[in-house]
Amino acid sequence: MDDALLDKLEILADAAKYDASCASSGAKRRTGGPDGIGSTTGAGICHAYTPDGRCVSLLKILLTNYCLFDCAYCINRRSSNVRRARFSVDEVVQLTLGFYKRNCIEGLFLSSGIIRSPDHTMEQLMLVARTLRRDHGFAGYIHLKTIPEASPWLIEQAGLWADRLSINLELASDRSLKQFAPEKDGSSIKAVMGQVGERILEAKEEKRRFSPAGQSTQMIVGADASTDLSVLETSDTLYRRYGLRRVYYSAFSPIPEASSALPAKPPPLQRENRLYQADWLLRYYGFTVDEIAAGGEGGMLDLGIDPKLAWALKNRERFPVDVNSADREMLLRVPGLGARAVDKIVEARRHTTLRLEDVARLSSGLKRARAFLIAADHHPGGLTDRADLRQRLVAPPKQLSLF
Amino acid sequence: MRHVELKDGADLDGFRRALRGLVALDVEPDAVVWSGGATPSLFGDTAPLPADAPPVPLPRPVGALIESVVCHRDPERYALLHRLVRRVVRGERDILDHHADPLIHRLALLDKAVRRDLHKMHAFLRFREVRDPANSEDRGGERYVAWFEPDHFIVEATAPFFVERFESLVWTILTPVGSLHWDRRSLTVGPAALRPEGLDRDDRFAEGWQRYYESTFNPARVNPTAMRAEMPRKYWANLPEAAAIPAMIRSAPARVQAMIEAEAAAPRRRNPDKAVAAMARQEPATLAELNRIIRAADPLVPGATQAVLGEGPEEAAIAIVGEQPGDQEDMEGRPFVGPAGQLLDRALEEAGIERSAAYLTNAVKHFKFVARGKRRLHQSPTAGEVKHYRWWLMKELAFVRPRLVVTLGATAALALSGRSVSVLRERGPMGFGDWEGFVTVHPSYLLRLPAGEEAEQAYRDFVADLRRAREVVEGAG
């Protein structure tokens, strides 16, 4: 690795870091054996964390940050003055293998600016994946960003080598997309999601390999005027219609070389966090988009408390629920109880009647849950309906008194 | 009081032996004192446990829990596990479901700590490359060494992960509680080690990793608490990239401020023409260009020697679409040259269609088969595989622009119509969207029929279909 390659790595890692997706999970178990290299374990591993709290699981780089497109929110847009660089296919392969052998990464997440043409770009991405798999027996994780404007056959080929494909929707509404990303087209993005979703489903049924870890997407939050409600509605549609594994939310963050079409100040990072919590409620807790949105005001989630607590505070007539008899669906709606805690409760109560201290052993969120729960030795009484319940649950940490 | 002495660390075998004896003698957990090898016995000799006690049958999850908890540093672990096993033996077979039980809760915490430690070792261990000139037959002496400090006695438990992942490399993992060495064939478990010298030696990839780590950090989102929750300080000493963390945090606010203060660049006049033009230019402009792409692409069904492209004049009035190349087609690289192709040739001639004037191709461009000895047995493509190839077929037809598309068999009919077609029931004219179509059987179907009147009739029907197809084209012309 010479100095020139190090410089390129710096530029093209910096250019790729605004993509929030990092997962290395969902791939089938696979090993490279005595002649290849690597393995996938199914669960994925985070090999480091940077001081922004994000994990480093895959080598996340762009093949190049030269780009024909001019999307306002993107640091690599045509009209930006950033430093540009370009890797060869072989350089990406060597970097991936070198870092992988040092146990720094689970694999590669490769994306690219659009150069020459979408087809040319997509073909280069596909070639990296094919070289790793076929010439080096690489069994680690490969996530390829799909260029939605590329010809369908290239996407069909990419899925043969990648564990996951993703296409970024970037903005929740077609109108915003037109405004900020003039060369992009919302319907062609969704058409490709449809194509990929269909192939993944067919391959699964026919027991073939095609992007076995599914597909994902990302939406930028806070660059346009979209409400949380409309973002979540879009996610809900994506999960249902295209079988997406994950929707990532990326709070718009100020970039060097920003376009003046964008807000100068970032949205609160808490907004991104609340959207993730809401996304989880949607997928694993049986909530609907409307229920989640009703917890906030005007289509925006409450930034001060998590969306499940917000919903519970507005639906107090449904509480308290009895931890010893309530069904699983209702327990999932109790603030502070996670899905795993609920499963443990359901198993444990078959053998014993649960008291509050038992629940404390099963869940770390009892502080919030106790106002909404009845246990063998506990009834919240009027607590559930107290007007200051919200304040009690989110009281700021007390300052230690100093003598 | 009974005293059981085990080896230091995670002595699973010793514990299993002791446990068998304790269960056989029905010893109360409170009457046992467990000690690691380092602790001298305070109790003198006690009656030895029977060496040949029978195995204790345990539910599988209990066995897995024991294997995990034994790795924990907690000196009480063996006593807790003994209590667990005694309760299982006494009838509480589903004891692990009692999540609220204090013993189960305590063991679950120990188990969780061990699993977290395993996970962190898989994650945070870093190999350094050390060239070993003495051992140059193996990949130029490529060797890797790592130093790691786990919380618990997990070194052996991590071995399967590293062996599986780095089976083709030569590596050594050193820790204060044991070591592992893999020479690409066998694993050696060694004693505790000291931090080796020379790990900081020059390794360009290690330097590259540091640069990557710093570049992938977004200063606008600095959140060290979240980082430390997942990557506590105790791991930093052995993570080369962690050396940069303090400076990254310190400089972050200034970097963000600079970004916000930097005057936003006015959006230049946006002219998407160039990008749109590039997109339009990328589609193959000729059949030859399309064929180049197909030939260079990988089979979407595995195994084939080569892609078999369509054949015939580009302005053909009739396009005939088969299923996929067979054994002979795969080797010669031409469509319809095997037994089915020869039968098709005969039928075309009888129907008055010149083969050389028609465009012949397949819905799927690669041969799919299972190998039986020396023979390669044809396998029908799945519906999903047919769709993988559909875009190419449609492009191909768009270049040829035939007046009629004749599909042979169900696969071709599926490719063109997008639905599953019952060929015998629906044979005859059929609209395929942009194309006027005609559905008939595949000649290989005729070859499979037992010789006799039925087969002869089927062949006559096939020829009659082709003749009708010819009339459709001539009528349309």
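**Getting to know the strands, helices and domains**

In this predicted model, strand β12 (residues 404-408) of chain B pairs with strand β14 (residues 435-440) of chain B in the parallel sense, over 4 bridges.

Me: Happy to start there! Which residue in β14(B) is the bridge partner of B:T407?

Reply: β12 and β14 of chain B run in the parallel sense and share 4 bridges. For B:T407, the partner in β14(B) is B:V439.

Me: Which strands stand at the edges of the open sheet in chain B?

Reply: This open sheet has 5 strands with mixed pairing, in the order β9-β8-β12-β14-β13. Neighbouring strands are turned by 30° against each other on average, direction ignored. An edge strand has a single partner, so one side of it is left without a neighbour in the sheet, and this applies to β9 (359-362) and β13 (428-432) of chain B.

Me: At about what angle does helix α14 of chain B run to β12(B)?

Reply: Let us take two helices in turn. Helix α13 (residues 383-400) of chain B lies across β8 (318-322), β9, β12 and β14 of chain B, and runs at about 175° to β9(B). Helix α14 (residues 409-417) of chain B lies across β8, β12, β13 and β14, and its angle to β12(B) is about 140°.

Me: Are α4(B) and α5(B) parallel, perpendicular or oblique to each other?

Reply: Helix α4 (residues 102-124) and helix α5 (residues 155-165) of chain B have axes that come within 10 Å and cross at roughly 40°. The crossing is right-handed. Angles under 35 degrees count as roughly parallel and 65 to 115 as roughly perpendicular, so the two helices are oblique.

Me: How many charged residues are in the contact of α4(B) with α5(B)?

Reply: From α4(B) come B:L118, B:M121 and B:H122, which meet B:A157, B:T158, B:F161 and B:F162 in α5(B). By class these are 5 nonpolar and 2 polar, and the number of charged residues is none.

Me: How far apart are the centres of domain 1 and domain 4 of chain B?

Reply: Chain B is divided into domain 1 (2-122), domain 2 (125-190), domain 3 (204-255) and domain 4 (287-476). Taken over C-alpha atoms, the centres of domain 1 and domain 4 are separated by 68 Å.

Me: Now to chain A! What is the order of strands in its open sheet of 6 strands?

Reply: The pairing in this sheet is parallel. At its edges stand β5 (58-62) and β10 (246-251) of chain A, each with a single partner strand. Reading across, the order is β5-β6-β7-β8-β9-β10.

Me: Which helix packs on the sheet and touches β6 and β7 of chain A?

Reply: Strands β6 (residues 107-111) and β7 (residues 141-145) of chain A run parallel and are joined by 4 bridges. One of the bridge pairs is A:F109 with A:H143. The helix touching both strands makes about 170° with the direction of β7(A), and it is α3 (residues 118-136) of chain A.

Me: How are α1(A) and α2(A) set against each other?

Reply: Helix α1 (residues 3-14) and helix α2 (residues 89-101) of chain A have axes 12 Å apart. A:L5, A:K8 and A:L9 in α1(A) meet A:E91, A:L95 and A:F99 in α2(A). Their angle is about 85°, so they are roughly perpendicular.

Me: What distance separates the domain centres of chain A?

Reply: Chain A is divided into domain 1 (3-267) and domain 2 (315-393). Over C-alpha atoms, their centres are separated by 40 Å.

Methods. Residues numbered from 1 in each chain as written. Chains lettered and ligands numbered in written order. Predicted model: local features only at pLDDT ≥ 70, side-chain atom pairs only at ≥ 80, totals over all residues. Heavy atoms only, no water. Axes fitted to C-alpha atoms, helices over the stretch in contact; angles between N-to-C directions. Parallel < 35°, antiparallel > 145°, perpendicular 65-115°, else oblique. Left-handed = near helix turned anticlockwise from the far one by under 90°. Contact = heavy atoms within 4.5 Å. Nonpolar A, V, L, I, M, F, W, Y, C, P; charged D, E, K, R; others polar. Pairing = 2+ DSSP bridges. Domains from an automatic or database assignment.
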